[in-house]
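User: Hi! I am new to reading protein structures. Could you walk me through a few features?

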Amino acid sequence: MSIRRCLAVVWIIMLAGPQVHAQATGARSTNVYFSNKDKSIRFGGTLTIPANRKSFPAVVLISGTGKQDRDGTMAGHKMFKALADSLAAAGIATLRTDDRGTGETNGVYETATTKDFANDAQAAISFLRLQPGVTVTGLIGHSEGGAAAIIAAAESKEVAFVITLAGLATTGIQALKLQNNAIIDAAPISDYDKNRHRTITTLMFDTAYRYAYTPELEPRLRATYNAWKHADDSAYAKDKAGEADHMRFFLESYIRQATGPWYQCHLRYDPVPFLRQIKVPFLALNGNKDIMVPYKENLATIETVLKENGNNQVTVKVLPGLNHLFLHCESCTNSELPQLKGDFAPEAWTVISKWMQMFL
């Protein structure tokens with residue numbers, strides 16, 4: 001199977017905020033239903049149309065990793081609902097859908113790949129283009145949803161613009177390593193245990209990458225773990241004699257994940273061939289406190305590849321103090337997300353709303 005065929009859509013759009021999404025007075029939201037090309041998936045979603053406009057741009061919101069409802073409910077925030085209200089108030093229509101196997105959308109999320117999700121986004125774009133008043137259609141994707149937007153935009157002439165919010169733009173294997181290291185660095189454990197975690201996860205990532213799509217994958221993962229465990233036990237007994245070892249690597253759950261279709265596609269994901277094909281306006285935002293999609297490598301890839309291939313309509317911006325959900329954070333770990341206030345930092349929304357003026 002080629003990398004392009006297996007690439008799947010992944011990601012979450014997380015926008016909104018108390019100053020960002022005041023209810024769009026007069027905006028009309030209706031439940032809508034449409035299918036993909038082969039009719040295998042019937043999507044349920046909400047179409048929000050701005051008030052007092054005969055024509056308007058429209059965007060599809062692409063969710064990220066994990067099954068999301070159309071409101072983008074995550075960590076207690078209905079992010080997609082808030083974003084739809086914000087965009088409607090600015091004169092922009094939105095379409096947000098339940099993910100596969102969620103709400104009113106059928107299908108099996110767990111067996112889908114990033115390419116499947118990119119195709120879902122293209123189906124949503126095609127539906128939007130049939131709606132009265134729509135002038136141009138674009139994509140907004142958060143996290144893995146950004147990767148889906150990149151794939152869909154590269155393969156569809158119906159996408160007039162792309163916005164990624166911490167959208168994945170490194171290779172899958174690089175993203176896993178960067179994310180893993182950032183999470184380990186933020187963990188309240190000793191440097192000794194941090195090094196142990198880095199060693200085993202890097203070994204497992206590299207093994208999974210090398211043997212993806214082969215029958216050797218599971219036995220190679222088990223062999224890699226067993227070799228590390230033998231060496232690590234010996235080192236710990238020497239370095240920490242008499243101390244209880246609380247470190248755990250959950251082998252069986254990792255193997256279940258790594259042998260699944262999405263994970264193998266994600267490992268082999270390479271955004272560069274897709275970015276090279278995108279010639280439309282592109283806005284990429286990242287928070288500098290994001291531990292899930294570190295901004296430096298991510299934004300550098302987007303800006304460099306697009307410009308090298310003749311697309312000078314690219315804007316990248318780092319937003320200080322914001323995490324993966326574009327919220328102001330303190331520890332900036334995932335565990336604090338439910339306690340954070342607001343839904344989407346006003347300064348992030350300001351960038352988006354100003355950039356979208358070119359389509360109004």
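Predicted model: local features only at pLDDT ≥ 70, side-chain atom pairs only at ≥ 80, totals over all residues.

User: Where is Ala75 placed?

Analyst: Ala75 is in the loop between strand 4 (73-74) and strand 5 (77-78). Its backbone deserves a look too: phi of Ala75 is near 55°, a positive value in a residue other than glycine.

User: Which value does phi of Ser143 take?

Analyst: For Ser143, phi is positive, at about 55°, although Ser143 is not a glycine. You will find Ser143 in the loop that runs between strand 7 (134-142) and helix 4. With 11% relative accessibility, Ser143 counts as buried.

User: Now the helices. How do helix 3 and helix 4 cross?

Analyst: Two packed helices are described by the angle between their axes and the distance between the axes. Here, the axes of helix 3 (residues 114-129) and helix 4 (residues 144-155) come within 8 Å and cross at roughly 60°. Helix 3 and helix 4 are therefore oblique to each other, and their crossing is right-handed.

User: Which residues make the contact?

Analyst: Helix 3 contributes Thr114, Lys115, Ala118, Ala121 and Gln122, while helix 4 brings Ala148, Ile151, Ala152 and Glu155. Sorted by class, the contact of helix 3 with helix 4 has 5 nonpolar, 2 polar and 2 charged residues.

Terms used: Residues numbered from 1 in each chain as written. Heavy atoms only, no water. Axes fitted to C-alpha atoms, helices over the stretch in contact; angles between N-to-C directions. Helix = DSSP H or I, 4+ residues; strand = E, 2+ residues; numbered from the N terminus. Parallel < 35°, antiparallel > 145°, perpendicular 65-115°, else oblique. Left-handed = near helix turned anticlockwise from the far one by under 90°. Contact = heavy atoms within 4.5 Å. Nonpolar A, V, L, I, M, F, W, Y, C, P; charged D, E, K, R; others polar. Buried < 20%, exposed > 50% of the residue type's maximum accessible area, 1.4 Å probe, protein only.
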